[in-house]
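Here is a friendly tour to read with the model open on your screen. Have the sequence at hand too, and follow along residue by residue.

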Amino acid sequence: MIGSNQRFGALGEKLAAQYLKVQGYKILKKNYKNKLGEIDIIAVDTNEIVFVEVKTRSASPYLSGQYAVDKHKQFHIMRTASYYLSVMKCELQPRFDIIEVEVERGSGQMKKINHIKNAFSQTENYARF
């Protein structure tokens, strides 16, 4: 049985993927995993490949999901993305986004979605696997 926090996070990821599709993104992978880590959503937006970290929260005026994606988490996402790009031989420009999904815990209804494009950027080469 999946714990309630895992189901809650999975719901946020599903809502984020639906949002991206409506915005015209092509979803390539959801919950992509490799030996270096995991990326919630990989999508294409015009001429960019977008690596999306989804943060699902219940209503909280104090905590924004983007603050949970600290430098350590960013490093792992970028390193995982670099591996993906090298294996898939992808030539598109990478972009790193965060999508915050606010969901009412009881009903599972989405209250708000906040898409932060270019939330962080890769400043060094992570190709040393």
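C90 touches I49 and L85 once residues up to four places away in sequence are set aside, where contact means heavy atoms within 4.5 Å. C90 sits in the loop between α2 and β4; helices (H or I, at least four residues) and strands (E, at least two) are DSSP runs, numbered from the N terminus. C90 is partly exposed, because its relative accessible area is 22%; buried means under 20%, exposed over 50%, and partly exposed in between (1.4 Å probe, protein chains only).

This is a predicted model, in which local features need pLDDT of at least 70, side-chain atom pairs count only at pLDDT 80 or more, and totals for chains, interfaces and linings use all residues. Residues are numbered from 1 along each chain as its sequence is written, and side-chain values use heavy atoms, with hydrogens and water left out.

**The chain as a whole**

- The chain holds two helices and five strands, and from the N terminus on they follow the order α-β-β-β-α-β-β.
- The chain has 129 residues, and 40% of them count as buried.
- Among contacts with a separation of 6 or more, 58% come from residues 24 or more positions apart.
- The accessible surface of the chain is about 7800 Å², with 49% belonging to carbon and sulfur atoms; the areas come from the Shrake-Rupley method with a 1.4 Å probe, and for residues only the protein chains shown count as cover.

**Helix α2 and what follows it**

- Helix α2 covers residues 71-88, and its 18 residues should span 26 Å at 1.5 Å a residue; the end C-alpha atoms are 25 Å apart, which agrees. The expected span is 1.5 Å times one less than the number of residues.
- Which residues of α2 are buried? They are Q74, I77, M78, T80, A81, S82, Y84 and L85.
- An α-helix has 3.6 residues a turn, so residues three or four places apart point the same way.
- The buried residues of α2 pack against β1 (26-34), β2 (37-45), β3, β4 (93-103) and β5 (110-120).
- Just after α2, K89 takes a positive phi of about 55°.

- N34 is in strand β1 and counts as buried, because its relative accessibility is 16%.
- A polar atom of the N34 side chain lies 2.7 Å from the backbone nitrogen of L36, and one lies 3.3 Å from the backbone oxygen of T80. A polar contact is a pair of N or O atoms within 3.5 Å; within protein, one must be able to donate a hydrogen and the other to accept it, and residues adjacent in sequence count only if both atoms are side-chain atoms.
- Apart from neighbours within four places in sequence, N34 is in contact with T80, Y83 and Y84.

- K55 lies in strand β3 (residues 48-57). Is K55 buried or exposed? K55 is buried, because its relative accessible area is 15%.
- The side chain of K55 makes a polar contact of 3.4 Å with the side chain of E53.
- I99 belongs to strand β4 and is buried, because its relative accessibility is 0%.
- I99 and K55 are 44 residues apart along the chain, yet their C-alpha atoms are separated by 6.3 Å.
- Beyond neighbours within four places in sequence, the contacts of I99 include A16, V52, K55 and I113.

**The largest pocket**

- About 230 Å³ of space lies in the largest pocket.
- The lining is made by N5, Q6, F8, G9, A10, E13, D40, V54, K55, T56 and R57. The elements giving two or more residues to it are α1 (4-22) and β3, and α1 gives the most, with six.
- On a 1 Å grid over the protein atoms alone, a pocket is an open set of points where a 1.4 Å probe fits, with protein on both sides within 12 Å along at least five of seven lines; lining residues have an atom within 4 Å of a point. Grid points are joined across faces, edges and corners, and a volume is the space filled by probe spheres set on the points.

- N31 has a positive phi of about 55° although it is not a glycine. N31 is found in strand β1 and counts as partly exposed, because its relative accessibility is 36%.
- T46, also not a glycine, has a positive phi near 55°. T46 is in the loop between β2 and β3 and is exposed, because its relative accessibility is 72%.
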